[in-house]
Amino acid sequence: MLPKDEKFVFPDLFPENKAAKEEEETTLNQAKKGLQEFLEKNKERPNMPGCKFTVTMRVTFCTDLDKSVVVANCEKRGWMHVGPEDDWNIYWAGTQTCRSLFSVDSGYRMHDNQLINHFPNHYEISRKDLLVKNIKRYRRDLEKEGNVLAERGDSKYLHLDFIPVTFVLPADYNMFVEEYRKAPQSTWIMKPCGRSQGSGIFLINKLSKLKRWSRESKSPFQQQLTKESYVISKYIDNPLLIGGKKFDLRLYVLVTSFRPLKAYQFRLGFCRFCTVKYDSSVAELDNMYVHLTNVSVQKHGGEYNSMHGGKLSVQNLRLHLESTRGKQVTERLFDQISWLIIHSLKAVAPVIATDRHCFECYGYDIIIDNKLKPWLIEVNASPSLTSTTANDRILKHKLMDNIFSIIVPPSGMPDVRWNKIPSQEALGDFELLIDEDLIHLHEGENSSFLSKNNRWK
Amino acid sequence: MDDIKDKSIHHTAIKICEDFKSSPSYQALFRDLQKLVSTPSVKYDDFKDSLLKAMKDNGLDAGLRNNVYHWMKTKKKEIACPHDTFFRKSQIHWDKRIHKSLNSMCTELGINLAKVRTVSEKEELANKWGELSNYEVDIHKYRPVYAPKDFLEVLLNLKGPTTRNKGSPKWEFAQMPLKVKNLADLRCLYLELSRGEQILGINSSMLSSTHYSALEAERMILGEKVLTKNYAPIAQEFLKKGCPQCLRAKIWTLILGAEVKPYHYSYFESLKESVLQYDLMIDKLIIKDINLTASNDDQYFVFEDVLYQVLLCFSRDGDVLKDLSTQPGFMQVVIKGKQSNTENTIIFPPSGVIPFHGFTMYAAPFCYLYDDPVQLYFVFRTFYVRYFHRLHRVCGNPQGVVSLCLQYEKMLQCFEPSLWHHFRKCQIHPVRVVIKWIMRAFSGHLPPEQLLNLWDLILAYDSLEIIPLLALVILVFRKDNLLKVNTLQNIEAVLADLSSISVIPLLQMSLLKD
């Protein structure tokens with residue numbers, strides 16, 4: 001083959017067409033100029049269809065939480081604060097407001113440029129009893145499929161054993177007793193299903209104590225209590241201790257869609273420490289300052305310190321674990337945490353009413369045991385945005401900022417028609433946990449990529 | 001000449017042997033050697049060579065070498081400074097002031113420096129040993145004996161050993177006739193940094209992350225090898241290019257010679273026993289300092305309980321006083337209610353170290369590395385005896401706080417004259433804004449991860465001179481903001497939050513040759 005000559009110009013073989021070509025070009029230029037003038041004139045009316053330049057319409061937001069962190073973040077973005085009756089684009093609502101908005105009676109229909117911070121039936125994940133029910137069902141379904149994930153060894157699930165053994169009371173009472181008899185003397189923790197912040201929680205280590213409780217709660221004075229259902233879980237009595245104290249992890253997870261599942265994990269989180277040294281002895285069974293890490297519980301303890309609020313950053317936990325236990329086990333722990341988050345979300349994905357207007361930020365509570373195995377304790381659909389310390393405020397500001405960056409498309413205007421694939425820069429301190437759209441995308445074109453980057457499938 | 005050199009080596013060898021024979025690790029080594037000699041690998045007719053070979057094969061050789069290395073690091077004589085007498089006098093004067101202040105605090109509070117704890121007091125303390133944060137003791141009237149800013153006043157008021165003009169402004173260290181390193185010297189010392197070699201601890205965002213994890217993996221493999229060699233100088237060399245987090249605890253222990261043996265546990269136990277037996281006034285000062293610092297710090301509060309143990313035991317440790325090259329002044333105190341004779345007189349405090357505000361921070365970062373309080377204790381103690389004690393002493397040593405302040409001041413004047421003039425215009429002494437960083441070796445100011453990177457460098461190059469350099473670099477890094485403010489308060493505000501500082505990249509940038 002001949003070498004290519006870059007300077008070579010193909011001779012014009014049809015000179016008669018030149019005139020026609022020139023004419024065409026002039027017409028085109030005139031048309032362009034006309035359009036320019038037209039656009040120039042209509043600058044004041046930016047909503048004209050077909051108009052090319054970006055419309056600077058202000059995003060509006062609404063919130064019924066009196067949280068400065070929400071308002072400050074929205075205002076920083078130049079969004080306008082409006083009331084719930086006005087035309088809002090983003091609503092940061094309490095779960096109650098959200099539920100009534102979605103209820104049939106409200107008759108409210110959202111348009112394409114509206115987003116709201118809860119899924120209609122978020123309680124499928126945030127209620128203790130429903131979460132357990134969904135995870136149990138998920139495991140059963142996988143088992144029926146013959147999926148390797150549901151593999152068992154020694155009657156336990158090998159890969160999906162990330163919640164403590166749990167029963168709903170009074171419904172599963174007999175099943176509980178059967179399990180209890182396998183290991184009497186073990187400690188169990190009772191939690192009311194619908195309550196939060198550690199209220200109504202107590203520990204039991206004898207069946208008789210449970211019986212007495214159930215008798216007492218049926219007394220006429222406590223009619224209220226009988227209606228309440230409880231979950232009873234095997235107590236993690238060998239928690240990992242740091243400085244002799246028990247802690248749990250609070251991690252944040254953003255879900256922008258359940259089907260397909262799109263979830264992001266926030267890199268910054270914290271450990272919440274008990275103020276009192278851990279003691280698993282029976283004498284301390286009723287001392288909730290020893291056992292519960294909830295800030296709302298610990299705050300009432302005499303030892304509570306408002307400078308640090310009992311909170312240690314996850315980065316520092318990692319530093320300590322890597323230094324004292326090694327890199328490999330620490331990495332495995334954090335991988336297992338991501339694993340349990342993904343599977344808890346997959347477990348509820350089929351039952352969540354999927355709505356393209358919704359996104360949700362979950363607060364995951366995880367306890368690590370002394371073998372460095374993480375256990376999912378519960379999921380909160382409205383994690384506290386109140387800041388107890390200066391660092392807390394910084395963290396929550398970042399969290400809000402990053403959430404908004406992810407849920408709002410590059411155009412700046414919320415839009416449910418967007419494919420919800422944010423750019424790497426928009427993620428901020430969030431890390432992609434799973435995006436089933438991306439998985440399908442890559443499945444088609446590159447299977448080796450899949451094996452490397454998608455260990456969660 | 002060679003002859004003299006030989007002789008001095010010979011003398012050092014004798015000294016090392018003497019010291020080693022009296023050290024607690026000697027017994028164990030001697031036993032191991034005896035066992036070795038009785039094995040067939042040591043031959044009678046070729047005793048010396050076969051023994052040396054057998055020692056090498058069994059790792060006893062490295063142990064012995066490490067002992068010599070650690071002896072050289074801790075026991076070597078203070079480098080004579082031409083103005084030693086001047087500095088020693090100043091320090092004695094300062095010690096006297098501290099002791100006077102302790103005594104007057106005692107009079108004011110109506111307590112004694114030292115007394116024996118009652119049985120019930122002892123019992124209570126012993127019961128709460130594991131969670132001393134719940135040990136109730138009224139300390140609200142106690143004040144730290146001195147804070148970094150008080151110590152700065154002492155330094156600034158040092159009347160130089162050489163006469164100086166009466167009219168000259170008294171706000172710089174420049175009159176101190178000490179030789180300190182300039183940037184060129186530092187570039188020579190911190191060769192790995194100034195050559196721009198890849199050092200672990202650089203923000204992973206700066207390198208592509210796969211590249212960084214490859215570097216980390218490589219360092220981990222090398223680090224493991226270094227640890228199996230078990231030879232301290234190699235570990236020190238390894239540290240120059242940064243340490244993977246998971247190996248730091250072991251590498252530091254090796255370099256510092258702080259492996260704990262059974263006798264370390266019994267030694268620590270005896271220190272604890274001394275804490276339980278005697279109620280020293282200094283205990284309250286220690287508790288107060290932990291209360292004022294670590295207990296309120298969101299990086300360290302979880303380690304509060306272990307810090308009480310470590311620091312209380314530290315105050316009872318007579319070996320500290322013995323090993324400190326800058327013999328601090330100490331008091332001799334008669335225990336309350338006892339007859340004044342030698343039996344009832346104790347050195348107060350037994351360690352000779354009186355904590356200043358923030359002293360806890362010397363120990364706190366080690367909590368991230370060691371779970372075992374005893375292991376933590378000995379690493380911290382060695383680190384203190386080797387380095388930190390010079391950060392709150394008046395001395396002319398090149399590693400002492402006076403030299404470090406001077407080094408910082410000279411570099412600021414030389415490389416950032418605009419900042420220098422700005423400080424001068426505002427009538428703020430440039431050392432004033434960095435003294436607490438220097439005195440605490442940045443502990444409590446940098447986030448733990450960054451701080452450990454910095455302390456890696458202290459150990460790796462066996463020098464504190466990295467600290468004034470970092471102080472300077474941070475000022476330069478925030479220069480634009482500093483130039484905008486004029487008051488001490490605002491300057492301190494600009495420098496208050498160091499959470500965004502990445503130690504290694506900043507230092508490397510400043511040391512890189514143009």
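Is Glu237(B) buried, partly exposed or exposed? Glu237(B) counts as partly exposed, at 44% relative accessibility; buried means under 20% relative accessible area, exposed over 50%, and partly exposed in between (1.4 Å probe, protein chains only). Its salt-bridge partner is Lys240(B), with 3.4 Å between the closest N and O atoms, a salt bridge being a side-chain nitrogen of Lys or Arg within 4 Å of a carboxyl oxygen of Asp or Glu. Lys240(B) is buried, with a relative accessible area of 15%. Elsewhere, salt bridges that share partners join Lys115(B), Arg117(B), Glu121(B), Asp279(B), Asp283(B), Lys284(B) and Arg316(B) into one network.

The model is predicted: local features need pLDDT of at least 70, side-chain atom pairs count only at pLDDT 80 or more, and totals for chains, interfaces and linings use all residues. Residues are numbered from 1 along each chain as its sequence is written, chains are lettered from A and ligands numbered from 1 in the order in which they are written, and side-chain values use heavy atoms, leaving out hydrogens and water.

Chain A has a mean pLDDT of 83, pLDDT being the predictor's confidence in each residue, from 0 to 100. Over residues 1-16 of chain A, pLDDT stays under 50. Where pLDDT is low, the predicted coordinates should not be read in detail.

In chain A, a salt bridge joins Arg417(A) and Asp112(A) (3.4 Å, N to O). Arg417(A) lies in the loop between α13 (390-407) and β18 (430-435), and Asp112(A) in the loop between α3 (95-102) and β4 (115-116), so the pair ties together parts that are 305 residues apart in sequence; helices (H or I, at least four residues) and strands (E, at least two) are DSSP runs, numbered from the N terminus.

Definitions and conventions:
Contact = heavy atoms within 4.5 Å.
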